[in-house]
Amino acid sequence: MSIIARSCTVIKVGGSLMETAPEMLIHLQKHLESRSTPVPTVLVVPGGGVFADAVRDIHKDKGISDEAAHWMAILGMEQYAYYLADKSGISTTDDLEELVPGISILMPYRLLRKCDPLPYSWDVTSDCIAAWVASILEARMVKVTDVDGVLMNGKTVTVVGAAELQKMGESCVDRMLPELLIKDGRDCMVVNGKYPERVLAALEQKAVRGTLIKGNI
C-alpha cells in the first residue's frame, strides 16, 4: 500500500493528554483555518490511554491471547478517537485515500485489519501504528505527549538517533518505534502537547522545545 498525501503530517496524540488534547486540537484547527496559505493535511492518530490500559489489565489478569489483546487495544484507540472527535468537533476517517486538507482523526481498526502489518506485542502500540501510517502517506511524524521529549541522563535532549534510542530500551516512545523509524529513514518530533504552541511550531517545522528522533542515525 502506498498513498501520497501532499504536505501531510501525522500527529500521534497520546492518551495521557486526555484532559487537554481536545482544546489543543481546536487550537490547531482554528490556526490552520485562518492561514492564507494552502491548508495542510493533518492526520491525528489517537493513543490508547485508559482504554488500552484496561486491555493490558485484562490481558494480564484473564490470560487472553496476545492477538486478542492487540485488536482490543486498537479498538481502544478508536474509543479515544471518538472521545477526541466528540470534544473537539473534528471529523474522523478510516480511509487514507480520502484525506482532505485540514485536521482529521484516524479510526485505525478497519485499516489495520486489512493489512495486519505489525506484531502482536505491547512493544508495538499507537506510536508504531502512527509511524506505519506516516510511512504509507510519506508524511512527517510528530508525537504529542505529556513530557518535553526524550530524557537522557536526566535531561531532555534536542536530537537523538533512533539507533541510540533503541539501545536505551525504556523511554517515552514505544519500544519498537526506533526500529520502524530506522527501517523507513523517517524522523519523529516529540513535543509536549500541554503547550499547543509547541505542537503548532512542530507542525510548521519551526524551532521548538522537544526532541527530534532521527531515523537515519
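Visitor: What are the ground rules for the numbers?
Guide: The model is predicted, so local features need pLDDT of at least 70 and side-chain atom pairs count only at pLDDT 80 or more, while totals for chains, interfaces and linings use all residues. Residues are numbered from 1 along each chain as its sequence is written, and side-chain values use heavy atoms, with hydrogens and water left out.

Visitor: How many aromatic pairs does the structure hold?
Guide: Three. Rings of Phe, Tyr and Trp (its six-membered ring) pair if their centres lie within 6.5 Å; planes under 30 degrees apart are stacked, over 60 edge-to-face, and the rest tilted.

Visitor: What about the rings of Trp71 and Tyr109?
Guide: Their centres are 5.7 Å apart and their planes stand at 80°, so the pair is edge-to-face. Trp71 lies in helix H3 (residues 66-88) and Tyr109 in helix H4 (residues 109-115), so the pair ties together parts 38 residues apart in sequence. Helices (H or I, at least four residues) and strands (E, at least two) are DSSP runs, numbered from the N terminus.

Visitor: Is Trp71 buried or exposed?
Guide: Trp71 counts as buried, at 5% relative accessibility. Tyr109 is partly exposed, with a relative accessible area of 23%. Buried means under 20% relative accessible area, exposed over 50%, and partly exposed in between (1.4 Å probe, protein chains only).

Visitor: And how do the rings of Trp71 and Tyr120 sit?
Guide: Edge-to-face, because the planes are at 65°, with the ring centres 6.2 Å apart. Tyr120 is in the loop between H4 and helix H5 (126-137), while Trp71 is in helix H3, so this pair ties together parts 49 residues apart in sequence. Tyr120 is partly exposed, at 26% relative accessibility. Ring pairs link Trp71, Tyr109 and Tyr120 into a cluster.

Visitor: Which residue lies over the face of Trp71?
Guide: Arg113, at 4.3 Å from the ring centre. Arg198 lies over the face of Tyr195, at 3.9 Å from the ring centre. The criterion for a charge over a ring is NZ of Lys or CZ of Arg within 6 Å of the ring centre and within 35 degrees of the ring normal.

Visitor: New topic. How much space lies in the largest pocket?
Guide: About 650 Å³. On a 1 Å grid over the protein atoms alone, a pocket is an open set of points where a 1.4 Å probe fits, with protein on both sides within 12 Å along at least five of seven lines; lining residues have an atom within 4 Å of a point. Points are joined across faces, edges and corners, and the volume is the space filled by probe spheres set on them.

Visitor: Which element gives the most to the lining?
Guide: H3, with six residues.

Visitor: What's H5 like?
Guide: H5 has 12 residues and reaches 16 Å from its first C-alpha to its last, close to the 16 Å expected at 1.5 Å a residue. The expected span is 1.5 Å times one less than the number of residues. H5 is mostly covered, with 11 of its 12 residues buried, including Trp132.

Visitor: What follows H5?
Guide: Glu138, with a positive phi near 50°. Just after H3, Gly89 takes a positive phi of about 80°.
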